[in-house]
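Have the structure open as you read.

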Amino acid sequence: MRLGDISVAYVELMARAVEERGARPQAVLAQYQLDEIKLASPDARISIPRFMRMGHACIQEFSMPWLGLEMGRLTSPPAMGLAGLLAQSAADIRSACRALTEYELLSSFNARGRSQFLLEKGRGVAQFYSISPYNEYNLFVVDSVLSGWNRFMQLLSGRNDLLARVEFEFSAPAYRERYSEIFQCEVHFGAERNAVVLHDWALDLPVQQRCASTYSALKQLADRELERVRLGLTFRELTERAIGPLLNGQTPTLEQVAQRLNMAPWTVRRRLTDEGCSFQQVLNDTRRDLAVSYVRDTSLTLGEIAYVLGFGSATAFQRAFKRWTGEAPGRFRERSGRAYISTASSTSSS
C-alpha cells in the first residue's frame, strides 16, 4: 500500500505556474526524471511524495510559497483529464461537480481519502479530503485543488460569483492576501475541512459548453476506465484502500471498513479468506506499508505519523515500526534520506 500517485498533468500545471513567473522549471523537472516525453504520456503518474517534494523544490527555488494558488488559476478542463472534459460537457454545475469528484480516481489516488460532492442546506459543497498535519511540503496541494475548482467553475459558468465561501483546515499562511485575489468570496482558515461552498442558486446554472451527446459518450468512456482501474485490484487491495482514509487518529474496525466497501462485514471477511488472508492481517500490513512510506517519503514527525496511522502514542508506533522492519524509524529515515539524496543528485547531474 503506497501513499498514492497523481497524473503528470498536474506536474505540467506546476511547470506552467513557474513559467508564468518568468522562470524556467526544467532543472527541477530533470531532477525528478521528468521530460517532455513523460509529461505527454497519457498514463504517466508521479508518486504523491515525489510530487510534494517537487512542489517544495519549486517553492524554494523560485520563491513562490503561493505556488498552489497559481496552479489552480491555470487549471482547465484538459488539465483535469477525462473527468474535466466530462464536466465541461455536463448540463449544469451540479452535474459538473459530481463528475469531477466521482471520476477523480482516473487522475489521482491518495491513501488519505477521496474528494466528494455533497449538498448541505441546498448548497453544493465540493470537499477535498484532509491531508493534515500541514507543512511546507503539502499545503500547496490543498491550495491548488480548491483554487483549481474555483477556476474550473468560473470557466464552465462564465461567472466568478458562484462561491459563498472557501474553507481551509490550516491556519492563514504568510501570503493570505493572495487568497482574496483568487477567491472572490469569504475565505475561512482553521476550518474543520477543505471545501468550496457554492450558493444554492449556482447548482442549476447551465454549463456554457454543455453538450448532451458528448457528455453521454464521455461518461461511457469514463465508466469503462473506472471499471478497468477497479478490476485491476484484488479484493485485498480494495480493502487496503478502504482502510487508508480511516487511519486518521483511530484504528478502523471491520464494520467501518465494510461500510466503506458497501458490504456486510461477513462478506468482507469471507472474500479476504478466499484470497488467503484475514482482516487483521490486511489492517496490520496496510499500517506497516504506510508507516514505511510516511517515514521514508515525508517530513512528518514520528508523533504525527503515529497519529495518522491510529497509534495511541509515538512510543507504540516506534515499537511497531522496529518490529516490522528491524530498525528504529529515526534510523530508517536517516538512511533512506541519504539514499534519496544520492539518487536525486545522480539524476540531476546526468
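Start with helix H11 (residues 235–246) and helix H14 (residues 279–297): their axes come within 10 Å and cross at roughly 60°. That makes H11 oblique to H14, since oblique covers whatever is left once angles under 35 degrees count as roughly parallel, over 145 as roughly antiparallel and 65 to 115 as roughly perpendicular. Here axes are lines fitted to C-alpha atoms, for helices over the stretch in contact, with angles from 0 to 180 degrees between N-to-C directions. Helices are DSSP runs (H or I, at least four residues), numbered from the N terminus.

A word on the model: it is predicted, so local features need pLDDT of at least 70 and side-chain atom pairs count only at pLDDT 80 or more, while totals for chains, interfaces and linings use all residues. Residues are numbered from 1 along each chain as its sequence is written, and side-chain values use heavy atoms, leaving out hydrogens and water.

Who meets whom? On the H11 side, Arg-236, Thr-239, Glu-240 and Ile-243 meet residues of H14 including Phe-279 and Val-282.

Finally, find Gly-68 in helix H5 (residues 67–73). Gly-68 is buried, with a relative accessible area of 0%; buried means under 20% (1.4 Å probe, protein chains only). Gly-68 is in contact (heavy atoms within 4.5 Å) with Phe-140, Asp-143, Ser-144 and Ser-147, leaving aside its neighbours within four places in sequence.

Notes:
Helix = DSSP H or I, 4+ residues; strand = E, 2+ residues; numbered from the N terminus. Buried < 20%, exposed > 50% of the residue type's maximum accessible area, 1.4 Å probe, protein only.
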